[in-house]
Amino acid sequence: MDKKDIVSMNLGELKEEIKALGESAFRAGQIYAWLHKSAVTDFYEMTNISKQLREKLANNFDIYGCTIEKKLVSVYDNTVKYLFRLHDGEFIESVVMKYKYGYTICVSSQVGCKMGCKFCASTKAGFVRNLYPSEILGQIYAAQRDLNIRISHVVLMGVGEPMDNFDNVMRFLELVSDENGVNIGMRNISLSTCGVVDGIYKLLEKKLQLTLSISLHAPNDEIRSRTMPVNSKWNIDTLLKACRKYAAETSRRISFEYAMISGVNDSDECAGELAQRLKGMLCHVNLIPVNEVEGTGCKKSSPERLKRFISILEAKGITATVRRTLGSDINASCGQLRIKHKDGGSTQK
Ligand code: SAH
């Protein structure tokens, strides 16, 4: 029988488990701190717990986490990209970036992705499985330990669609923001979705103070359906209706991601149409020159195009910025490293 995933448990659940082992619930608090504050990878590191209890723990539970399979450091900006190995031999990616306000980690939520966006590398090798809460947390713990830093911000913008792993992502958010653990505040967390509208409504019910990011990437259904299959289930009107409700009820500004693909979604008309659709919403547009993933045929828009696109948005009252590109020499965009590793890593430096 598989052992239980102890890192995915909240303190209440852990107390019940410890009581069931015939131990005092008080121990649960100590164990929880070892797992989430000290981020130990082995029960034998829990030095204030008796040897006997440590053995019981090891017999009943596993500490699922991430081990570093590969690490790449950008020579330009010290961005670090990890390829992590999971307990079952699957691989996921995370990226750590340094900003003025601290370290941000971009974490994966699934092994692979089902969403099929044409420009994205994460989806190319298909979907394997959801990550457990412990494995999403494990990316933060492993990176902090390796770099000897404290990470202050988290973006769920790695491989996978967080709304497609909703319950595990919610548990991850509960644990990561817990003051008895790594204690990263909700306001420092962003969750990105390609537009899974029922997930947006479910998230709204939770009334969390995180930032919702929407991968919009097109101003109309014709273009969006060509690049993002999710649009045939929830079109732009349906998506933006949910976003307006979300912004109004949480008073949190929504961040729209817009990857600029030359000749596809970057014309002046597209900018005008986008501004029209977002009018009056508490939001911000993040433009990203598309990362040219092999085999997608997507080419970056020119810097002049980006400038012009922004000026049109701003003239119509929509705030927009161009996202700074970090780690361009290490394939920092999600999904790219995992695919190369699966192919045998032949193209990786
Ligand atoms: N599935 C979620 C979480 C992934 S976030 C989502 O789609 O939002 C990763 C972000 O990078 C998304 O905005 C995604 O659309 C974007 N992205 C994917 N491939 C890209 C590429 N080649 N260039 C620029 N952005 C890309």
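Start by selecting the shell around the ligand: by class it holds eight nonpolar, seven polar and two charged residues (Ala, Val, Leu, Ile, Met, Phe, Trp, Tyr, Cys and Pro count as nonpolar, Asp, Glu, Lys and Arg as charged, and the others, Gly among them, as polar). The model is predicted: local features need pLDDT of at least 70, side-chain atom pairs count only at pLDDT 80 or more, and totals for chains, interfaces and linings use all residues. Residues are numbered from 1 along each chain as its sequence is written, and side-chain values use heavy atoms, with hydrogens and water left out.

The shell has 17 residues, and Phe 119, Ser 192, Ser 215, His 217 and Asn 291 are the closest (a residue is near if one of its heavy atoms lies within 4 Å).

Next, show the polar contacts (pairs of N or O atoms within 3.5 Å). Select Glu 161: an N or O atom of its side chain is 2.9 Å from a ligand nitrogen. At Ser 215, a polar side-chain atom lies 2.6 Å from a ligand oxygen. At Thr 193, a polar backbone atom is 3.3 Å from an oxygen of the ligand.

Now move to strand β4, residues 80–85, where five of six residues are buried (under 20% relative accessible area, 1.4 Å probe, protein chains only; strands are DSSP runs of E, at least two residues, numbered from the N terminus). Thr 67 has Arg 85 as its bridge partner.

Val 80 stands opposite Val 96. In the turn of the β4–β5 hairpin, Gly 89 has a positive phi of about 85 degrees.

Note on methods:
A polar contact is a pair of N or O atoms within 3.5 Å; within protein, one must be able to donate a hydrogen and the other to accept it, and residues adjacent in sequence count only if both atoms are side-chain atoms. Buried means under 20% relative accessible area, exposed over 50%, partly exposed in between (1.4 Å probe, protein chains only). Helices (H or I, at least four residues) and strands (E, at least two) are DSSP runs, numbered from the N terminus. Two strands pair if DSSP finds at least two bridges between them.
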